[in-house]
Every structure is written in structure tokens, then in C-alpha cells.
Amino acid sequence: MAKTTPPVEKNQTIELTFEDLTHDGDGVGKVNGYPLFVPYALPGETAQVKVIKTKKNFGFGKLLEVTKPSEHRVEPPCDVYIQCGGCQLQHMSYTMQLDMKQRQVQNAMKKIGHLEHVPVHPSLGMDDPWRYRNKIQIPAAERNGEMITGFYRKRSHDIIDDMETCVIQDEVNDRMVEAVRRIASRLGIPAYNEEQHRGVLRHIMVRTGQQTNETMIVLVTRTNELPYAKELVAELHETYPHIKSIVQNINKERTNVILGRKTKLLWGEEYIYDTIGDIKFAISAQSFYQVNPAQTKVLYDQALKYANLSGNETVIDAYSGIGTISLFLAQKAKKVYGVEIVPQAVSDAKMNAKLNHMDNAEFYVGKAEEVMPWWKAQGLNPDVIVVDPPRKGCDEELLQAMIDMKPKRIVYVSCNPSTLARDLRFLEDGGFETKQVQPVDMFPQTGHIECVAEIELKVSN
Ligand code: SAH
């Protein structure tokens, strides 16, 4: 390749017109074909941009002033939107967010999967794309003798201390963080000091069941001892009767991981409950539980539709977590087998099956890519396989095991369009056909995209 010099220099200010968006929602504008990535710029806009960094084939810029705004530019409702970085798309109309997510899935299907003919439907969004999160985890620290709580400033461990609310968070959780901080501060409970690894209260975690209104408070501490625990707990549950559980989680390590291994019940129940559709879930401090249950229902209804069950099918749910999808499927199938690598999640799944009086779902601990070939060797022949892998997608062994098992249908739930497209290509080459893909917006205001794909065994097989 010929050596080229970028047409712009670091610190130069230029006028740039934007054409496109990256996966993270940054604007893309070109100078003589050389792309510059600029956070908070939208396609169709013209802006003054300061060049921050140049690489051989692309560069980065900072938005100084939008001279011609897009009709999709909106005022972000969050006061700390830019400092926090937890959301990336608040400056973009919700319509544009949904369009962008659909387009990104289409692009991945085309460029990575060479599956341009597969229909990718418009993203299913929320009527009200705010305050959807059911769980908050917020760090505590001390500043000028007062306890403060707030998210970290982007790429730092510096707490944004004037943060009153998080606009994608359930209002109840916001209020509970404020209550814990206020009471703990008055009682004189010391907050954690990360630099010196001293102090007590590290994080406040709050989770509320959106259907049941039950709240769990988790106080993450560096020490076994939580001073004034009795007073704090009493004031919390006496003032806020929707609190059903208060637990202490102990994390003595110098680490970015929020929760430690040990959890101690301080007051109330060990679990709170919530429902998605007709299924009830028991949620402990350590349980994984979907953060946007309203859209989870939309996603799983779609998965169930693509599974097309009549009641006689044997189904495998790989990467089954706490059994959310498995139990949804078990309502319509003869038998569901779930496989999941985290033992605690599997015991939660078993408990959730019992809680819902469902005896046609079995859960196994193991690596999906190892258990599936073993199941095949045992003669298990599923009619339908559902997968919901982490961002890195499915292992090739697992894709091969699915191809060997020849189920009539596969439903692929994905949180990463790139690995989805890669895996769909592998399945296509192995005798399956992707029929359609449905993006579902589980995380409005952020760049995350969730999809579900319908895949069928080709008739000639
Ligand atoms: N469907 C579940 C969770 C899906 S998240 C739900 O909605 O609750 C992906 C899950 O895959 C996680 O629970 C993770 O622990 C699990 N996992 C990751 N790698 C795995 C592997 N190799 N085999 C089985 N499970 C795995």
C-alpha cells in the first residue's frame, strides 16, 4: 500500500460534514476520503471539529460547535451525559437510535455474514425509552467529610458528585441510593477510600422488581463489620415498606469487580421476586437478572414465535443463565434442556423451575460446546435449539454440534450483531438457512443492540 499522509493534523480546527455513524454512535465525516470519528456528531450535520489524533487510515476529533444541526439532534435530558459516558445516544432522537440499530445489524449481515438477502426488521423499541433499568450499582466515597455517591467520570475512578439522578434508571432505585447515602452519612458510616483501601461502604446496589415493586438493597463493604448496621437497616425498612430485603456483601479485595463472594442477610428475605410474562423469578443479590424486563419479554416472545412450538418438541437452550428463556420455552414444549457454565445460575434456574411448578425443564452445569456433543452421543435429538451466547458468540464446536444434531429450527438470541452474522454464515454453510432477524432495543440511549434470528434446516438435508 502506498504511504499516505493524513490530510489533517493534530490540533487543527476544520469544518466537517458527517455521513455516517460507528457502532458506538460516533459521527463519521471524511476529509478527501480520510475518515474522522467524532463523538456526539450526527449524520447530516456540519460542525467545527478539532482534530485530536491522527492515524494512518483514520483519525479522531472533538466536536466544538454544530453549525448545521440534524433534525434528529435532541437535548440530552441528563445533566452529566458527557461526563458519565454510560449512555452514548442521548443526543439522538429515539427514532434515529432505532434506525441506526437496524442499519448496523443489516451491515453486519451483509459485510460479515454475506447474508444481504435476509430481512432485518425495524428495531422493536420502547414507548417510553427512559427509566427502564431495574438495577443500579453506584460507588460511594467521601469528599470534604461527606459521603457522596455517583457514577465514575468516563475512563476514570473519579466520582461525579453532583449527580442527583440517572435518567435510564427506575426512579425508585434513584431514591433508595439517596436514602442510603443520607442515612449512612448521618450515622457516620465511613465510605470506602479506593486509593488507600480503607473505609467501609464501597457500593450501593439496588434492584427493584418492576412488576412486584419489591426492592432489595445490597450494601457492599470492605470489612466484615458494618458499623450502625442495625440503625441503618431499621430506618430504611421502616421508612420504605417496599424494601423486602437488605443484605451486606463483603468485598475485601482491591478490585474493580463490585461484588465479593460473601453475602450476609441483614434484614428481610434473601430473595425478591419479579415476573416476566407468566414466569416468576426469585432474585438474590448475586443473581444475574435482565436489567430491562419489559423489553426482555418482547425479545423472548419473539424467540418463542421463531421457535414455533406445538407442545411436542424437545428443545435445547444453550447458555441458559438462570433459565429465563428455558422457562419461557417450557410453557410450549414437551421438554427443555438448559446448559450453562455458572453453577450458581444453574441452581437459580432449577429453583425458578420449581417456583413456577414446571417439571419439564432440566438444567446442567457445563460448557455448552462440550455438553452438546455429549448429548448428541447420548442420542438426544432436539427439534429446536435456542442459543443466547455472550458477546463473543458461539464456539465453533457448538455450531458444529448444532449442525450435526440437525434440529428443524434454531433460534439465535444475540447481543452482538458481528458475531451473530459470523455464526449465521457458519450455520448457512452447514445446511441451515437464516429466515429473518429481529432487532429488539433492550438498552435505549446506549449503543447496545440485541437481536433474535430465525434459522431453519434446509429441506434438501
Ligand atoms: N439466556 C440467559 C442468559 C444469557 S447470557 C438469560 O436470559 O438469563 C449468556 C450466558 O452464557 C451467561 O449466563 C454465561 O454465564 C453463559 N456462558 C458463557 N460461556 C458459556 C459456555 N461456554 N457454555 C455455557 N454457558 C456459557
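Predicted model: local features only at pLDDT ≥ 70, side-chain atom pairs only at ≥ 80, totals over all residues.
Local features require pLDDT of at least 70 and side-chain atom pairs count only at pLDDT 80 or more, while totals for chains, interfaces and linings use all residues. Residues are numbered from 1 along each chain as its sequence is written, and side-chain values use heavy atoms, with hydrogens and water left out.

**View A. Asp174 in helix 3.** Helix 3 spans residues 171-187 and contains Asp174; helices are DSSP runs of H or I with at least four residues, strands are runs of E with at least two, and both are numbered from the N terminus. Asp174 has a relative accessible area of 10% and is therefore buried (under 20%; exposed is over 50%, partly exposed in between; 1.4 Å probe, protein chains only). Leaving aside residues up to four places away in sequence, Asp174 touches Arg131, Ile136, Thr165, Cys166 and Gln169 (contact: heavy atoms within 4.5 Å).

**View B. Arg131, a contact of Asp174.** Arg131 sits in the loop between helix 2 (94-111) and strand 6 (135-143). Although Arg131 is not a glycine, its phi is positive, at about 55°. Its relative accessibility is 26%, so Arg131 counts as partly exposed.

**View C. Tyr319 in a loop.** The loop holding Tyr319 runs between strand 14 (314-318) and helix 6 (324-330). Tyr319, a residue other than glycine, has a positive phi near 65°. With a relative accessible area of 17%, Tyr319 is buried.

View D. In the model, residues 7-65 are 0% helix and 59% strand, with the end C-alpha atoms 21 Å apart.
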